[in-house]
Amino acid sequence: QFLPHDYIGWAWAAVSTLGTLAMVWVGVHATRHSSVKASPWWPFFLYWWGLGACDILLIWVFEIDDHAQIGLLILLTTALGYVQFGALFHWFIGAVGILIAALAIAAFLLVPAFFYLAMAILGGGLLIASGLWIVYSGK
């Protein structure tokens, strides 16, 4: 929100990539030291990287160069992933995906000047809060 427009997309991509890699490392490292047998992490990892590859292809094929549109595409892809996981595992995950999609589109269309701030809240706050709810509720 407070960086020059040309740098926001690159900064967000770099921070998101570092955060993703850090969370994968934490997840893999934590399951090695746990007495509970966890499901294999690599199918989930490949699934999300596959969605990311589809986003890269869509950006390339349709020549999307607006950072806000790229951010919306990534948020909608994340929402799609949550809806698909919700169909497989628990309805709450799908509901979070639908909420992310609705709020992302509303922010993009209604308050474009604050879209990056909304993206941070949706991409960070809502996903972290829903993850904590899932972990602590035992769902």
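H3 and H5 run roughly parallel to each other (angles under 35 degrees count as roughly parallel, over 145 as roughly antiparallel, 65 to 115 as roughly perpendicular and the rest as oblique). This is a predicted model, where local features need pLDDT of at least 70, side-chain atom pairs count only at pLDDT 80 or more, and totals for chains, interfaces and linings use all residues. Residues are numbered from 1 along each chain as its sequence is written, and side-chain values use heavy atoms, with hydrogens and water left out. The protein has five helices and zero strands (helices are DSSP runs of H or I with at least four residues, strands are runs of E with at least two, and both are numbered from the N terminus).

**H3 with H5**

- The axes of these two helices, H3 and H5, come within 10 Å and cross at roughly 20 degrees (axes are lines fitted to C-alpha atoms, for helices over the stretch in contact, and angles run from 0 to 180 degrees between N-to-C directions).
- The H3 and H5 crossing is left-handed, a label used if the near helix is turned anticlockwise from the far one by less than a right angle, with right-handed used if clockwise.
- On the H3 side, the residues that meet H5 include Gly 71, Leu 72 and Thr 78, and on the H5 side their partners include Met 119, Gly 123 and Ser 130 (contact means heavy atoms within 4.5 Å).
- Sorted by type, the residues of this H3 and H5 contact are nine nonpolar, five polar and no charged (Ala, Val, Leu, Ile, Met, Phe, Trp, Tyr, Cys and Pro count as nonpolar, Asp, Glu, Lys and Arg as charged, and the others, Gly among them, as polar).

**H5 itself**

- Phe 115, Ala 118 and Leu 127 are among the buried residues of H5 (buried means under 20% relative accessible area, exposed over 50%, partly exposed in between, with a 1.4 Å probe and protein chains only).

**H3 with H4**

- Helix H3 (residues 67–88) and helix H4 (residues 91–110) have axes that come within 6 Å and cross at roughly 160 degrees, which makes H3 roughly antiparallel to H4.
- The crossing of H3 and H4 is left-handed.
- From H3, residues including Leu 76, Ala 79 and Phe 85 take part in the meeting with H4, where the residues involved include Trp 91, Ile 98 and Phe 108.
- This contact of H3 with H4 counts 17 nonpolar residues, four polar and no charged.

**Thr 77 and Asp 55**

- Thr 77 lies in helix H3 and counts as buried because its relative accessibility is 11%.
- Leaving aside neighbours within four places in sequence, Thr 77 is in contact with Trp 48, Leu 51 and Asp 55.
- Asp 55 sits in helix H2 (residues 42–61) and is buried too, with a relative accessible area of 7%.
- Not counting residues up to four places away in sequence, Asp 55 touches Leu 73, Ile 74 and Thr 77.

**A loop residue**

- Glu 63 is found in the loop between H2 and H3, and at 67% relative accessibility it counts as exposed.
- Glu 63 has a positive phi of about 50 degrees although it is not a glycine.

**The whole chain**

- Of the protein's 139 residues, 26% count as buried.
- Among contacts between residues at least 6 apart in sequence, 64% join residues at least 24 apart.
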